[in-house]
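Subject: Structure handover

Hello,

Here is the structure I promised to pass on to you.

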Amino acid sequence: MRRNSCMVNIRAGYLFPEIAKRRREYAAAHPDAKIISLGIGNTTEAILPHINAGLVEGARRLGTQEGYSGYQDEGLQELREKIAAVFYGGKFSAQEIFISDGAKCDIGRLQLLFGAGTPVAVQDPSYPVYVDGSVLIGAADGASGSAGIYDRIVYLPCTVENVFFPELSRIPSKGLVYFCSPNNPTGAVANREQLAALVKAAISKSSIIIFDAAYSEYIRDPALPKSIYEIEGARECAIEVNSFSKSAGFTGVRLGWSIVPAEMKYESGESVNADWHRICSTVFNGASNIAQAGGLAALDSEGQKEIRSLTGFYLGNAQLIRNALQSLGIFCVGGDNSPYIWAQFPGRDSWEVFSEILEKCQVITTPGAGFGPAGGGFIRFSAFGHRADIEEACQRLRITFQ
Ligand SMILES: Cc1ncc(COP(=O)(O)O)c(C=O)c1O
């Protein structure tokens, strides 16, 4: 059979499997090395007791006739109402909140809403699924780009010069704008004025923002918005995705949500929310009921305390990494309100820096170039790790680079 032309268009391997391959190769060549990963954004700490009890109870109920449940389509009504109350001041109805198996899966499915011809803009650098998912759906068909850079995708550079917030005039008309805050990989968090400018730009171009708030629970500065819906006008032009992965440690449990406001309409006047219901019920059969029981526990007051404690732990790691890098005179941002530190190695190829850090410190990082062209010369350090490993990695960096 002929290969799907969209697959042909995927130029580079997915970033994290490529890093995993290089790690395996290094480990095979150096069997005694104790490799520490500050690379992939995978959580490492045990789920805290109250939230875990919610998961256990969810599993227990399935073994009873009264507590058994099967398919739950867009998710438990109670969970949707609780998400509306806890995160959005009750401003959304349950029909506008869709429970999912995670933000990444939602981003992939959202691409089905708009189809192949949709113009796409991304922050550069950005979380790879925005670009790769767009390519899979055909948004880059016939692209002549190389090394994972596509000429039909608009890259909005986020650089030291613009303090990691992009210039918005190049947002395409009637297109999608992927925007992530707190940002993966730069750790930058957009302030209220910046998000207001983004919403204004999207409305003026009749475009839709896909706002990825997967790290919102890492925001500690009360002046910074945790949701795009804190900005007036966003309900008309923004879809938000979020997740329990990085807040409650559900990376392997799988639970997230998306919001498609009722007032969001296509140019034909038809409802985007209605189409999202249609897509979710066609290619998705709902999140695990055990995960949803855990999600309910995560949203009560005890669960919220545990989320603050877990995110606080990773933010503590982030501070240690940032301090270590700054003590070496390396310019870096992020880590205050996000679990990522974005460190600059001016004039260097980021895969080369990745290899140097791996060889000299046995520490895995993520090369900035893997997140887009503007990521060249940067390395992303992830704060997800056990405290002792983070301390050891910082010590190795200090000894090697001072
Ligand atoms: C920006 C961003 N969005 C979404 C995800 C994926 O979240 P989930 O585990 O809910 O699929 C990640 C995971 O690293 C991420 O960095």
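An open sheet is formed by four strands in the order E9-E10-E13-E12, and their pairing is antiparallel. Its edge strands are E9 (332-334) and E12 (366-367), each of which pairs on one side only. Please keep in mind that this is a predicted model. E9 runs antiparallel to strand E10 (residues 340-344), and three bridges join them.

Glycine 334 belongs to strand E9, and its bridge partner in E10 is isoleucine 341. Why does glycine 334 count as buried? The cut-off is 20 or more other C-beta atoms within 10 Å, and glycine 334 has 26. Not counting residues up to four places away in sequence, glycine 334 touches Thr186, Gly187, Ala188, Tyr340, Ile341 and Trp342.

Leaving aside neighbours within four places in sequence, glycine 370 is in contact with Leu15 and Gly375. From the C-alpha atom of glycine 370 to that of serine 281, 89 residues apart along the chain, the separation is 34 Å.

Next, have a look at strand E5 (residues 176-180). Five of its five residues are buried, so E5 is largely enclosed by the rest of the structure. Which residues point which way from E5? Leu176, Tyr178 and Cys180 point one way, while Val177 and Phe179 point the other way, and all are buried. E5 pairs with strand E3 (residues 120-124) in the parallel sense over three bridges, and valine 120 stands opposite leucine 176. E5 also pairs with strand E6 (residues 208-212), again in the parallel sense, over five bridges. There, cysteine 180 stands opposite aspartate 212.

Strand E2 (97-100) is covered on both faces: Ile97 and Ile99 on one side, and Phe98 and Ser100 on the other, are all buried. E2 and E8 run antiparallel and are joined by four bridges. In that pairing, phenylalanine 98 stands opposite serine 258 of E8.

The buried residues of H4 are Leu79, Arg80, Ile83 and Phe87. They cover an arc of only 100 degrees around the axis, which puts them on the same side of H4. As background, an α-helix has 3.6 residues a turn, so residues three or four places apart point the same way. What do the buried residues of H4 pack against? Their partners are strand E2, strand E8 (256-259) and helix H11 (289-299). After H4 comes glycine 89, whose phi is positive, near 55 degrees.

H3 has 14 residues and reaches 20 Å from its first C-alpha to its last, close to the 20 Å expected at 1.5 Å a residue. Ile51, Gly54, Leu55 and Gly58 are its buried residues. Seen down the axis of H3, these fall within an arc of 95 degrees, so they line one face of the helix. The face turned away from that buried side carries the exposed residues Pro49 and Arg60. The buried residues of H3 pack against helix H9 (245-248), H11 and helix H12 (301-327).

Lastly, the ligand. It is surrounded by 14 residues, and the closest are Gly102, Ala103, Lys104, Ser243 and Ser245. Which helix gives the most to this shell? That is helix H5 (residues 103-114), with three residues. By type, the residues of the shell divide into five nonpolar, seven polar and two charged.

Happy to go through any of this with you.

Best wishes

Technical notes. Residues are numbered from 1 along each chain as its sequence is written. This is a predicted model: local features need pLDDT of at least 70, side-chain atom pairs count only at pLDDT 80 or more; totals for chains, interfaces and linings use all residues. A residue is near a molecule or strand if its C-beta atom, placed from the backbone, lies within 6 Å of it. Helices (H or I, at least four residues) and strands (E, at least two) are DSSP runs, numbered from the N terminus. Ala, Val, Leu, Ile, Met, Phe, Trp, Tyr, Cys and Pro count as nonpolar, Asp, Glu, Lys and Arg as charged, and the others, Gly among them, as polar. A residue is buried if 20 or more other C-beta atoms lie within 10 Å of its own, exposed if 12 or fewer, and partly exposed in between; C-beta atoms are placed from the backbone. The arc is that of the directions from the helix axis to the C-beta atoms. Two residues are in contact if their C-beta atoms, placed from the backbone, lie within 7 Å. Two strands pair if DSSP finds at least two bridges between them. The expected span of a helix is 1.5 Å times one less than its number of residues.
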